[in-house]
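Me: Could you walk me through this model? I'd like the overall picture, and then some detail on the contacts.

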Amino acid sequence: MNYTVVLPAAGSGKRMKANKNKLLLELFDKPIFLHTLEVFQRDPNCEAIWLAVKSEERPVIEGYVKKHGITKVQGYAEGGIERQDSVRACLEAIPPCDVVLVHDAARPFIARSVIARLVQTAKTDGAAIAGVPVKDTIKKAAHGVISETVDREQLWMIQTPQAFQYELILNAARKAKEDGFLGTDEAMLVERLNHPVQIVESTYENVKMTTPDDLIYGQAILESRKQEEQQ
């Protein structure tokens, strides 16, 4: 089942405590975003990759893309002030397709099997997002005092990719702009249209590189995978 993937890559390094876009920080001698691109480059079902980037960073990113042979990158859009703006810019730039994925460029460890299930679910149901069950006990509190212990059986930690039928997510993104609504993820925009969103169980390795601690975890994942390949 073929798809197009959109990668917002116009972030910053604030929470990473870096003085540049965190996606340009390296894991195993390659920028974070390049590890992510390689996942989709290797997936035969991925037809095209589109990136939303800052204009001043585009030459650097294009240089990495060409140097490492990421041939599926079909175009770039101008990154907006908010992530939602960047995603919408890509959605409006890409050629119409059946299914489009939106994925954090800072999540380089997504499993291809999860991608396939997301695409299939979006194809049949319109919208599907990756997530994992919450493992910890969750408590609701106000002013430092617990008011409730939340039933974690119904709680999921949401990740990307998030997969949608193209027309559905495009309409949702445009409606959000028209209404001045800012969501925390693309699924939230679709939920506003009263369209059900399915959850596809992902893996706990699909972590987002956000803080310095995440880089340590990312290095450990890559080292483990390298060892498995050598066995």
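Reply: A residue counts as buried here when its relative accessible area is under 20%. On that basis, 47% of the 231 residues of the protein chain are buried, and please keep in mind that this is a predicted model.

Me: How many helices and strands are there in the chain?
Reply: The protein chain has 7 helices and 11 strands.

Me: And what about its radius of gyration against a compact globule?
Reply: The protein chain has a radius of gyration of 18 Å, which agrees with the value near 17 Å that a compact globule of 231 residues would have. Along the principal axes, its C-alpha atoms fill a box of roughly 55 × 40 × 35 Å. Among contacts in the protein chain with a separation of 6 or more, 74% come from residues 24 or more positions apart.

Me: In what order do the strands of the open sheet run?
Reply: The order is β5-β4-β1-β6-β10-β7-β11, which makes 7 strands with mixed pairing. Because β5 (73–78) and β11 (198–201) stand at the edges with a single partner strand each, one side of each has no neighbour in the sheet. On average, and ignoring direction, neighbouring strands of this sheet are turned by 25° against each other.

Me: In what sense does β7 pair with β11?
Reply: Strand β7 (residues 127–133) and β11 pair in the parallel sense, over 4 bridges. As an example of a bridge, Gly131 has Glu201 in β11 as its partner.

Me: Switching to α4, what do its buried residues pack against?
Reply: They pack against β1 (3–8), α1 (32–42), β6, β7, β10 and β11. The buried residues of α4 are Val114, Ile115, Leu118, Val119, Thr121 and Ala122.

Me: What span should α4 have, and what comes after the helix?
Reply: The 14 residues of helix α4 (residues 112–125) should span 20 Å at 1.5 Å a residue, and the end C-alpha atoms are 20 Å apart, which agrees. After α4 comes Gly126, which has a positive phi, near 100°.

Me: Now the charges: how many salt bridges are there?
Reply: The count comes to 11 salt bridges. In one of them, the side chains of Glu186 and Arg83 meet at 2.7 Å, N to O. That pair links distant parts of the chain, since Glu186 is in helix α6 (residues 186–191) and Arg83 in helix α3 (residues 83–93), 103 residues apart.

Me: Is Glu186 buried or exposed?
Reply: Glu186 is buried, at a relative accessible area of 3%, whereas Arg83 is partly exposed at 27%.

Conventions. Residues numbered from 1 in each chain as written. Predicted model: local features only at pLDDT ≥ 70, side-chain atom pairs only at ≥ 80, totals over all residues. Heavy atoms only, no water. Salt bridge = Lys/Arg side-chain N within 4 Å of Asp/Glu carboxyl O. Helix = DSSP H or I, 4+ residues; strand = E, 2+ residues; numbered from the N terminus. Buried < 20%, exposed > 50% of the residue type's maximum accessible area, 1.4 Å probe, protein only. Pairing = 2+ DSSP bridges. Axes fitted to C-alpha atoms, helices over the stretch in contact; angles between N-to-C directions. Expected span 1.5 Å × (residues − 1). Contact = heavy atoms within 4.5 Å. Rg over C-alpha atoms; globule rule 2.2 N^0.38 Å.
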